[in-house]
Amino acid sequence: MKNLQNLLQPKVKELDMNFFKNSIPEIINVNYDLWSLKITLSFREHPSPVYVIFKNVIGFRVLDEGNLLEFWNPKTRASSWVWKIENGGWFDLEKLREGFLSQHHLESNNEYLILGINDCVSIICTSEPILINIE
């Protein structure tokens, strides 16, 4: 029952990427090539694209923000456009399935959520994201 309660009240932490902290980007491209996941973002205040790259990806999903309503609670919502999900996210949901073997791996799994104007991307990986800002 505790796992279900975590899913209803996720805990998130702002991941400070030091880039347009109070702005929400448009997710304009998602590219996965077995070695990395590259998410291309467009910020209204910035003429060039911004890339967020994840290595060692276990999985990712793209959902409309309307399908992630449990994250939009104003009392617990982090600011910024990229969050580290500490509990109650997609990884915890997948752990409810016996067939989800990644929950048993020794390396630590991280979950991130990138917020976009229309879509959001959830990422489960074993590394920290890399931000590339093309000037």
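This report describes the overall fold of a predicted model and then some of its loop residues.

## Basis of the model

The model is predicted, with local features requiring pLDDT of at least 70 and side-chain atom pairs counted only at pLDDT 80 or more, whereas totals for chains, interfaces and linings use all residues. Residues are numbered from 1 along each chain as its sequence is written, and side-chain values use heavy atoms, with hydrogens and water left out.

## Overall architecture

The chain contains two helices and nine strands, where helices (H or I, at least four residues) and strands (E, at least two) are DSSP runs numbered from the N terminus. In sequence order these elements give the pattern α-β-β-β-β-β-β-α-β-β-β.

Of the 135 residues, 42% are buried, a class defined by under 20% relative accessible area, with exposed meaning over 50% and partly exposed in between (1.4 Å probe, protein chains only). Among contacts (heavy atoms within 4.5 Å) with a separation of 6 or more, 66% join residues 24 or more positions apart. The accessible surface is about 7,900 Å², and carbon and sulfur atoms contribute 51% of that area; accessible areas come from the Shrake-Rupley method with a 1.4 Å probe, and for residues only the protein chains shown count as cover.

## Loop residues with positive phi

Most residues other than glycine have a negative phi. Leucine 34, in the loop between strand S2 (26-32) and strand S3 (36-42), has a positive phi near 80 degrees, and its relative accessibility of 67% places this residue in the exposed class. Asparagine 56, in the loop between strand S4 (50-55) and strand S5 (57-64), likewise has a positive phi, near 55 degrees, but is partly exposed, at 46% relative accessible area.

## A nonpolar surface patch

Leu34 also belongs to a nonpolar surface patch with Tyr32, Trp35, Phe60 and Val62, which together have about 560 Å² of accessible area. Tryptophan 35 lies in the loop between S2 and S3 and is exposed, at 67% relative accessibility. Patches consist of residues with over 30% relative accessible area and no salt bridge, joining like charges within 9 Å and nonpolar side chains (Val, Leu, Ile, Met, Phe, Trp, Tyr) within 5 Å; a salt bridge places a side-chain nitrogen of Lys or Arg within 4 Å of a carboxyl oxygen of Asp or Glu.

## Surroundings of serine 23

Serine 23, in the loop between strand S1 (11-14) and S2, is buried, with a relative accessible area of 8%. Leaving aside neighbours within four places in sequence, serine 23 contacts Phe43, Glu45 and Trp81. The C-alpha atoms of serine 23 and serine 79, 56 residues apart along the chain, are separated by 9.2 Å.
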